[in-house]
Amino acid sequence: MIQDIYPRIYHNEYRDTKPAENDFILIFHKNTVLVRFQNEKLRYPTLKETCDFFCEYYYLFSIDQYNYFLAKSRQIVSPTANAEPAITLNGYHYENISIFRTAFSRHTAFAGITAHHLSNWYQTNQFCGCCGHSMVPDHRERMLLCPKCHNMVYPRISPAVIIGIINGDKILMSKYAGRSYTNYALIAGFTEIGESAEQTVMREVMEEVGLKVKNIRYYKSQPWGFSGSLLMGFFCDLDGSDKIILDKNELAEAGWFRREEIDLEDDQLSLTREMIMTFKECRLSYESLPQKN
Ligand SMILES: [Zn+2]
């Protein structure tokens, strides 16, 4: 999956530090990122290459000995949100963040999408939600502080579930309505305030396909910066009728698929795809365990 960058090591401990000339600088504009390609590899600009265009940087994280920073650009504080990107660097261009889903080196893609998650958080918390004053970064931890009313804001992560619903030798796969991602996926949804992840599973399945499920069991989790989420994967069994009642606002289609009918390959990126492949290749170890009803 996208976060599996071994043997490289991701360090997210907060450090109050400034960039050195060879540190990487992430520059976003809406859903695009400034990059170039070098020997078919994705590259981010270094501080040296940004030519003092920016006056402030946020330390993000390190991967091995390489440090990544977010440029606090004039664009980020611009009130003209629809303006075209004004920041250009020699040899670099803006690419949609979906570039991180394509097969470049895993750690570069993971760095990019994780930086994008943090960038969104900084961008949408420039002002205090209590009093409207400008927020300032804290120096001890990753937190934004209002110097006027002392409101503290921590990075926001939205928990969400991915659900593999199993019906004997079949799994339910669906396609989203109105999204650019058009492959088959699993039922998914954000956890609402006041519910457990298991309750999210039951509610989302009922809302999106009108089915009841049982034997909900946790599989794996994944940070997913595309939607600012922590995804939690669950498998569960159909409980009762297999008749699908589709929520057409959310889904374009949904259906039951036998293993041999699943025409997908592992993309090495998403928890959704890994769960589908785990079912297809009979790697669900607890399928053979006795289950309570
Ligand atoms: Zn305030």
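Here are some questions and answers about this predicted model.

Me: Which domains does the chain have, and how many residues does domain 1 give to its contact with domain 2?
Reply: Happy to start there: the domain assignment gives domain 1 (10–124), domain 2 (127–155) and domain 3 (158–286). Domain 2 brings five residues to the contact, and the number from domain 1 is five.

Me: Where does the largest nonpolar core lie?
Reply: This core holds 58 residues, and Leu 26, Ile 163, Ile 165, Leu 186 and Val 205 touch the most other members. Residues come from both domain 1 (10–124) and domain 3 (158–286), so the core lies between domain 1 and domain 3.

Me: In the hairpin of S12 and S13, which residue in the turn has a positive phi?
Reply: Strand S12 (residues 158–167) pairs with strand S13 (residues 170–176) in the antiparallel sense, over two bridges. Asn 167 stands opposite Lys 170 in S13. Two residues separate the strands, and the one with a positive phi, about 65°, is Gly 168.

Me: What is the bridge partner of Ile 171 in S17?
Reply: S13 and strand S17 (residues 251–258) run antiparallel and are joined by seven bridges. Within S17, the partner of Ile 171 is Phe 257.

Me: In the hairpin of S15 and S16, which residue takes a positive phi?
Reply: Strand S15 (residues 213–224) and strand S16 (residues 229–238) run antiparallel, with eight bridges joining them. One of the bridges pairs Val 213 with Leu 238 in S16. The hairpin has four residues between the strands, and the residue with a positive phi near 65° is Gly 228.

Me: What do the buried residues of H4 pack against?
Reply: Helix H4 (residues 197–209) reaches 18 Å from its first C-alpha to its last, close to the expected 18 Å. Its buried residues are Thr 200, Val 201, Met 202, Glu 204, Val 205, Glu 208 and Val 209. They pack against S12, S13, strand S14 (187–190), S15, S16 and S17.

Me: Which residue follows H4?
Reply: The residue after H4 has a positive phi, near 65°. It is Gly 210.

Conventions:
Residues are numbered from 1 along each chain as its sequence is written. This is a predicted model: local features need pLDDT of at least 70, side-chain atom pairs count only at pLDDT 80 or more; totals for chains, interfaces and linings use all residues. Domain bounds come from an automatic or database domain assignment. Two residues are in contact if their C-beta atoms, placed from the backbone, lie within 7 Å. Two strands pair if DSSP finds at least two bridges between them. A nonpolar core is a set of buried Ala, Val, Leu, Ile, Met, Phe, Trp, Tyr and Cys residues joined through C-beta atoms within 7 Å. A residue is buried if 20 or more other C-beta atoms lie within 10 Å of its own, exposed if 12 or fewer, and partly exposed in between; C-beta atoms are placed from the backbone. The expected span of a helix is 1.5 Å times one less than its number of residues.
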